[in-house]
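Visitor: I would like to learn how to read a protein model, one feature after another. Could you walk me through this one?

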Amino acid sequence: MKLILTADVANLGGPGDNVEVKDGYGRNFLLPRGLAIVATRGAMKQVATIRRTQEGKRIRDRDHANEIAGQLQQVGTVTVTAKSAGQGGKLFGSVTPADIVGAVRSSGGPNLDKRLVDTRGHIKSTGAHQVTVRLHPDVAVELSLDVQGA
């Protein structure tokens with residue numbers, strides 16, 4: 001079965017890669033989880049779009065990681081507004097890495113991949129928190145996060 005990957009799959013490839021896998025693996029694992037699409041002519045055209053979006057978020061080398069780290073440090077404290085909070089500042093949900101990436105982007109920071117953000121567990125309360133953004137194996141940035149309830 002010929003497929004086009006839409007996400008990173010261990011030991012198989014990355015987004016936009018054309019792969020050939022056994023029928024059962026593709027039909028029962030990759031396709032239902034949205035990790036791949038069937039390779040058709042229309043899907044081949046989508047590969048270019050997938051690669052362009054991934055290229056915008058990808059960190060190329062250590063120098064590029066240091067440059068993005070400098071941009072993150074210039075942003076300073078990032079404010080995330082949670083959907084709702086109860087008494088004592090407890091959130092009804094939690095702040096996700098996607099929320100953090102959106103807040104960084106809206107505060108003038110760089111476009112990041114949510115998989116780079118390490119929250120050290122769930123953020124389930126309002127107030128100040130620290131998160132780590134691992135840009136490269138050698139480059140990690142501590143980011144101050146201010147969670148506010150709506």
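Visitor: Which pattern does the protein follow, read along the sequence?

Guide: Two things before we start. This is a predicted model, where local features need pLDDT of at least 70 and side-chain atom pairs count only at pLDDT 80 or more, while totals for chains, interfaces and linings use all residues. Residues are numbered from 1 along each chain as its sequence is written, and side-chain values use heavy atoms, with hydrogens and water left out. Helices (H or I, at least four residues) and strands (E, at least two) are DSSP runs, numbered from the N terminus. Here the pattern is β-β-α-β-α-α-β-β-α-β-β-β-β, which comes to 4 helices and 9 strands.

Visitor: What radius of gyration does the protein have, beside that of a compact globule?

Guide: The radius is taken over C-alpha atoms, and the globule rule is 2.2 Å times the number of residues to the power 0.38. For 150 residues a compact globule would come near 15 Å, but this protein has 19 Å. Along the principal axes, its C-alpha atoms fill a box of roughly 55 × 40 × 25 Å.

Visitor: In which order do the strands of the open sheet stand?

Guide: Two strands pair if DSSP finds at least two bridges between them. In this model 4 strands form an open sheet in the order E4-E9-E8-E6, with mixed pairing. Strand E4 (78–82) and strand E6 (117–118) stand at the edges with a single partner strand each, so one side of each is left without a neighbour in the sheet.

Visitor: How many bridges join E4 to E9, and how many join E8 to E9?

Guide: E4 and strand E9 (residues 139–149) run parallel, joined by 5 bridges. Within that pairing, Val78 stands opposite Leu145, and Val80 has Val147 as its bridge partner. Strand E8 (residues 127–136) runs antiparallel to E9, with 9 bridges between them. Gln130 stands opposite Ser144 in E9, and a hairpin of 2 residues joins E8 to E9.

Visitor: While we are on strands, where do the side chains point?

Guide: In a regular strand they alternate between the two faces of the sheet.

Visitor: Now for the loops. Is Val9 buried or exposed?

Guide: Buried means under 20% relative accessible area, exposed over 50%, and partly exposed in between (1.4 Å probe, protein chains only). Val9 has 8% relative accessibility, so this residue counts as buried. Val9 sits in the loop between strand E1 (2–5) and strand E2 (18–20). In the protein as a whole, buried residues make up 34% of the 150 residues.

Visitor: Which residues is Val9 in contact with, leaving aside its neighbours within four places in sequence?

Guide: Contact means heavy atoms within 4.5 Å. By that rule, Val9 touches Tyr25, Leu30 and Leu35. The C-alpha atoms of Val9 and Ala36 are separated by 9.3 Å, with the two residues 27 apart along the chain.

Visitor: What is the phi of Asn11, and what is the phi of Arg120?

Guide: Most residues other than glycine have a negative phi. Asn11 is not a glycine, yet its phi is positive, about 60°. Asn11 also lies in the loop between E1 and E2, and at 85% relative accessibility Asn11 counts as exposed. Arg120, again not a glycine, has a positive phi of about 55°. Arg120 is found in the loop between E6 and strand E7 (123–125), and Arg120 is partly exposed at 48% relative accessible area.
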